[in-house]
Amino acid sequence: MKKLLMITAAAGMLASAASAQEMTLAGAQALLTEVPGASSCSAPSAPAIPDGASVSEAEIMEAIGAFQNYQSDSQAYRDCLDAAASNMGEGLTEQHNAAVTMVYDTNASEVEAVGADMNAQIQAYNAANPD
């Protein structure tokens, strides 16, 4: 009997893991509506990153500032998601946790990708303006 319960529990965990992997970002965002407080968390929009080889110093500095604001706003967004999930306490289901994690990780990955693009454009600016 114990062996059957362990097998059943293991099958349930595998099914939960599979459903979390199959979750889409849109599905995760929809599940966030069920997490109290998560609806007040606003994902920031990524700034436009200019072509570093053809912009002025003022334009590249403005882009750097916009990116830094985006980084800060993204961290505040992820902190808000964390707080909303934490406030659910024991009521946070595996599915809700997977949704929060997916949205959180997606934002962090987007910030990393935009940061890589920003760095590439700073390098292009520096190469075009060696003085």
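This is a predicted model: local features need pLDDT of at least 70, side-chain atom pairs count only at pLDDT 80 or more; totals for chains, interfaces and linings use all residues.
Local features here need pLDDT of at least 70, side-chain atom pairs count only at pLDDT 80 or more, and totals for chains, interfaces and linings use all residues. Residues are numbered from 1 along each chain as its sequence is written, and side-chain values use heavy atoms, with hydrogens and water left out.

**Overall layout**

The protein has 4 helices and 0 strands, where helices (H or I, at least four residues) and strands (E, at least two) are DSSP runs numbered from the N terminus. Along the sequence this gives the pattern α-α-α-α. Of the 131 residues, 26% are buried; buried means under 20% relative accessible area, exposed over 50%, and partly exposed in between, with a 1.4 Å probe and protein chains only. Contacts (heavy atoms within 4.5 Å) reach across the sequence: among those between residues at least 6 apart, 87% join residues at least 24 apart.

**Helix α2 and its cover**

Let us start with helix α2, residues 25-32, whose buried residues are Ala28, Leu31 and Leu32. These residues cover an arc of only 105 degrees around the axis, which puts them on the same side of α2; the arc is that of the directions from the helix axis to the C-beta atoms.

**Two helix pairs**

Axes are lines fitted to C-alpha atoms, for helices over the stretch in contact, and angles run from 0 to 180 degrees between N-to-C directions.

| Pair | Angle | Axes apart |
|---|---|---|
| α2 and α4 | about 120 degrees | 8 Å |
| α3 and α4 | about 165 degrees | 10 Å |

At about 165 degrees, α3 is roughly antiparallel to α4. Angles under 35 degrees count as roughly parallel, over 145 as roughly antiparallel, 65 to 115 as roughly perpendicular and the rest as oblique. α3 passes α4 in a left-handed crossing, a crossing being left-handed if the near helix is turned anticlockwise from the far one by less than a right angle, and right-handed if clockwise. By class, the contact of α3 with α4 has 17 nonpolar, 5 polar and 4 charged residues. In this scheme Ala, Val, Leu, Ile, Met, Phe, Trp, Tyr, Cys and Pro count as nonpolar, Asp, Glu, Lys and Arg as charged, and the others, Gly among them, as polar.

Now for the other pair: α2 and α4 are oblique to each other, and α2 passes α4 in a left-handed crossing. On the α2 side the contact is made by Leu25, Ala28, Gln29, Leu31 and Leu32, and on the α4 side by Gln95, His96, Ala99, Val100, Met102, Val103 and Thr106. The residues of this contact of α2 with α4 divide into 8 nonpolar, 4 polar and no charged.

**Residues to look at**

Methionine 23 lies in the loop between α1 (2-22) and α2, and at 13% relative accessibility it counts as buried. Leaving aside residues up to four places away in sequence, methionine 23 touches Ala28, Leu31, Gln95, Ala98, Ala99 and Met102. Methionine 23 and glutamine 95 are 72 residues apart in sequence, yet 9.1 Å apart in space, C-alpha to C-alpha.

Tyrosine 70 sits in helix α3 and is buried, at 3% relative accessibility. Beyond residues up to four places away in sequence, tyrosine 70 touches Pro44, Ser45, Ala46, Pro47, Glu110, Val111 and Val114.

Alanine 48 has its place in the loop between α2 and α3 and counts as exposed, at 70% relative accessibility. Its C-alpha atom is separated by 7.5 Å from that of alanine 63, 15 residues apart along the chain.

Finally, asparagine 129 is in the segment after α4 and counts as partly exposed, at 32% relative accessibility. The C-alpha atoms of asparagine 129 and valine 55 are separated by 9.9 Å, and the two residues are 74 residues apart along the chain.
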